[in-house]
Amino acid sequence: MKPRTGRPERGLLELYRDDPERADALVWGRRGALRGAALAAMGAAVGAAIPFARRMPPGLVPAALAQPAASGSGGQPNLLRMEGKAPLVILGERPLVAETPEHMLDDEVTPADKFFIRNNGQIPEPFAGDPKSWTLRIEGEVNTPLALTLGEIEQRFPLVTRRLQMECGGNGRGFFSPETRGNQWGNGAISCAEWTGVRLRDLLQAAGLKESARFTGHYGADPHLSGDPNRPAISRGMRIEKALDEDTLVALRMNGQPIPHVHGAPVRLIVPGWPGSLSQKWLTRILIRATPHDGPGMGGTSYRVPVRPIVPGSRNDGRDFVDLESMPVRSILTNVAHGTRLPAGTRGLDVRGFAWAGDKTVRAVHLSVDYGATWQEARVAEPANRHAWQRWSGRVALPTDGYYEIWYRATDSDGRMQPHVAGNWNPQGYGANPISRIAVLVG
Ligand SMILES: Nc1nc2c(c(=O)[nH]1)N[C@H]1C(S)=C(S)[C@@H](COP(=O)(O)O)O[C@H]1N2
Ligand SMILES: [Mo]
């Protein structure tokens, strides 16, 4: 996407004085600017010394002033208080939705307490019986419908353990301009835990897929927000090819432990690389279908994106959209929090994070501290296995004291890189993956 032209160039301080939230939304599509004294103090510092100010694109709102609340700088985010969970940033209370700030995601394998939370309905009552007696049904276009307890599943099918990234389809939504409906995620609706379970394809093979088996539909035990027992909270489905992928798991354990209740105990789907909404929690039933599934969360503009770009902000019924499948390339920086103040005289900074790209891998990660004028290549490690995220690391030079932004940008195995601005706007805000950035202050 092109930088905005046709607007008069304005100085940084002037832009800041004017209407930073609006400027922010116009340029970066980020909201939640300018809350709290810490941020104001940093703003003053920003005006004072910006070593690469010459290279700042006109109209750019500094990350220090523009980052969404979830990045945890300055504002007063509403923090989660739940047993077994870190203080994640609450984006919604009903249904409960909570984001993990990037700098809390530094572990190679995401620990349970730092795993983001996304619900569409109520959190069900914990299962009262023995988890091994929980029943999962496989029905529809199969020769032999199955109703298996988890105990039977563990006995009959090989258990596999994989590191798998699971990302909400709306991750990055907060970067869209104009704003779209839904939770305004930053980049923190991502996880890469170690999942143990059986392959969905083994269960489907046992049931015997009919010739007509083309799509899945997923059901869970969580009640709809309305409490109506006949309405699923969410029920999505996918092409049978993805159901047969060796990494699509019916998961029984997370990081070697029983799955925490809020994350779908005692059993959930893990459909890595595709929108997290397919990874049904509290899984009760998988329906095999001849036609695309039609549960809540399917069709229209739900988890669907335009094939031909539409006018940002326009209305659209999504009829010509396609389902979002493999998620786009994205990177996070995990060892330095946005808004960190470094000691005066600091001249270099080791940075690291993760990058991933749905079903693809990450070919490169680049870093810039001069607003994208020059880029340097970071090291990128191989994934632990297919569908695991990849560690990147590098060191940036900070030539003098002052305000810096570290920009980081991943490129996938097809050569697609994170764009400068979120593209392919759509009404429900899927697939926003612009170049990421954090602000640091030296001195
Ligand atoms: N039963 C059920 N499964 C669900 C959901 C839900 O609301 N109910 N939300 C989905 C969405 S949109 C996402 S992104 C992931 C989030 O999983 P988590 O809460 O364990 O992070 O679960 C998916 N599975
Ligand atoms: Mo999601």
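Tutor: Two strands are said to pair if DSSP finds at least two bridges between them. Strands (E, at least two residues) and helices (H or I, at least four) are themselves DSSP runs, numbered from the N terminus. This is a predicted model, in which local features need pLDDT of at least 70 and side-chain atom pairs count only at pLDDT 80 or more, while totals for chains, interfaces and linings use all residues. Residues are numbered from 1 along each chain as its sequence is written, chains are lettered from A and ligands numbered from 1 in the order in which they are written, and side-chain values use heavy atoms, without hydrogens and water.

Student: How many helices and strands does the protein chain have?

Tutor: The protein chain has seven helices and 23 strands.

Student: And what share of the chain counts as buried?

Tutor: Of its 443 residues, 55% count as buried. Buried means under 20% relative accessible area, exposed means over 50%, and partly exposed lies in between (1.4 Å probe, protein chains only).

Student: Which strands make up the open sheet of five?

Tutor: Their order is 16-23-22-18-19, and the pairing is mixed. Strand 16 (340-342) and strand 19 (376-377) stand at the edges with a single partner strand each, so one side of each has no neighbour in the sheet.

Student: How many bridges join strand 22 and strand 23?

Tutor: Seven bridges join them, in the antiparallel sense. Gly402, for instance, stands opposite Val442 in strand 23.

Student: What about strand 18: how many bridges join it to strand 22?

Tutor: Strand 18 and strand 22 run antiparallel and are joined by six bridges. One position to look at is Val362, whose bridge partner in strand 22 is Asp412. Strand 18 also runs antiparallel to strand 19, with two bridges, and Leu367 stands opposite Gln376 in strand 19.

Student: Is strand 22 mostly covered or exposed?

Tutor: Strand 22 is mostly covered, since eleven of its eleven residues are buried.

Student: Which residues have the most contacts inside the largest nonpolar core?

Tutor: They are Trp392, Tyr403 and Ile406, in a core of 35 residues. A nonpolar core is a set of buried Ala, Val, Leu, Ile, Met, Phe, Trp, Tyr and Cys residues joined through side-chain atoms within 4.5 Å. Helix 4 (63-66) and strands 17, 18, 21, 22 and 23 (436-442) each give two or more residues to this core. Strand 22 gives the most, with six residues. At least three residues come from each of domain 1 (12-65) and domain 3 (330-442); these bounds come from an automatic or database domain assignment. A second, separate core has 29 residues, among them Leu146, Leu200, Ala207 and Leu269.

Student: Changing topic, how many salt bridges are there in the whole structure?

Tutor: The search finds 24 salt bridges. A salt bridge is a side-chain nitrogen of Lys or Arg within 4 Å of a carboxyl oxygen of Asp or Glu.

Student: Where does Asp412 come in, and which residue forms a salt bridge with it?

Tutor: Lys360 does, with the closest N and O atoms 3.7 Å apart. Lys360 lies in the loop between strand 17 and strand 18 (362-368) and Asp412 in strand 22 (residues 402-412), so the pair ties together parts that are 52 residues apart in sequence.

Student: Are those two buried or partly exposed?

Tutor: Lys360 is partly exposed because its relative accessible area is 33%. Asp412 is buried, at 3%.

Student: Which residue does Asp350 form a salt bridge with?

Tutor: Its partner is Arg395, with 3.1 Å between the closest N and O atoms. Asp350 is partly exposed at 46% relative accessible area, and Arg395 counts as partly exposed at 47%.

Student: And where do Asp247 and Arg162 meet?

Tutor: Their side chains meet in a salt bridge of 2.8 Å, N to O. Asp247 is in the loop between helix 7 (240-243) and strand 9 (249-254), whereas Arg162 is in strand 6 (residues 160-167), 85 residues apart. Both Asp247 and Arg162 are buried.

Student: Which residues are linked in a network of salt bridges?

Tutor: Asp106, Glu108, Arg352 and Arg391 are linked in such a network.
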